[in-house]
Amino acid sequence: MKKEIMIETSARHCHLSRADLDTLFGEGYELTNKKDLSQPGQFACEEKVVVSGPKGSLKMSILGPVRKATQVELSFTDARALGVTAPIRESGDIAGSTGVTIEGPKGKIEIAEGAIIAKRHIHFTPEEAAEYGVEDKQIVSVRYEGTGRAIIFGDVVVRVSPKFAAAMHIDTDEANAGAIAGTVYGEIIK
Ligand SMILES: [Zn+2]
């Protein structure tokens, strides 16, 4: 059974709905692909926005393509800098999450919900999940010991979809806790 998993760090970013992209960048605006991400069809964009809360503002990247709902993914450190508290959620689960202001070159929006701290997770296709002997929604741990700050991440949710590719995603706080820089490999513990 396979155990080794690629760990990637996601810095703060946002996903925009078509309507919000129109407001922030202009009607019919198309995002510019700067870099393809590990998940098929997902890309980091050239465009940036400024997200604000009661205490501060942070510049962040947009990840494309557009999604059904606008979502801002923060670390705890980012949330503190903005002066908001945000719940730990799986991507897409934004009901009742935190509101923030988002500003682009052509406009500004206030979202009532959508800011979250992403629950750490592993993406797998159904075939990959079978190779690793895990299922959708299963909670596992991942051990990383490369840099003198060995760490075990608990509460890692497995997410399975034919649209995914094998990769674990953590935020910048989690990466810092394990002295993780760039893409590294960890071991799944069940
Ligand atoms: Zn992810």
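In what sense do strand β10 and strand β13 pair, and over how many bridges? Strand β10, which covers residues 121-124, and strand β13, which covers residues 167-171, pair in the antiparallel sense over 3 bridges.

## Basis of the model

This is a predicted model, in which local features need pLDDT of at least 70 and side-chain atom pairs count only at pLDDT 80 or more, while totals for chains, interfaces and linings use all residues. Residues are numbered from 1 along each chain as its sequence is written, and side-chain values use heavy atoms, with hydrogens and water left out.

## The barrel

In the order β1-β13-β10-β12-β11-β14, 6 strands close into a barrel with mixed pairing. Strands are DSSP runs (E, at least two residues) numbered from the N terminus, and two of them pair if DSSP finds at least two bridges between them. From one strand to the next, the twist averages 40 degrees, where axes are lines fitted to C-alpha atoms and angles run from 0 to 180 degrees between N-to-C directions. Across the pairing of β10 with β13, His 123 stands opposite Ala 167 in β13.

## An aromatic pair

A search of the whole structure finds 2 aromatic pairs. One of them joins Phe 124 and Tyr 132, whose rings are 4.6 Å apart centre to centre and tilted, with 35 degrees between the planes. Rings of Phe, Tyr and Trp (its six-membered ring) pair if their centres lie within 6.5 Å, and planes under 30 degrees apart count as stacked, over 60 as edge-to-face and the rest as tilted. Phe 124 and Tyr 132 are both buried.

## Cysteines and His 15

The structure holds 0 disulfides, a disulfide being a pair of cysteine sulfur atoms within 2.5 Å. For Cys 14, the nearest cysteine sulfur is that of Cys 45, 8.8 Å away. Cys 14 counts as buried because its relative accessibility is 0%, and Cys 45 counts as buried because its value is 1%.

His 15 lies in strand β2 (residues 13-15) and counts as buried because its relative accessibility is 2%.

Definitions and conventions: Buried means under 20% relative accessible area, exposed over 50%, partly exposed in between (1.4 Å probe, protein chains only). Helices (H or I, at least four residues) and strands (E, at least two) are DSSP runs, numbered from the N terminus.
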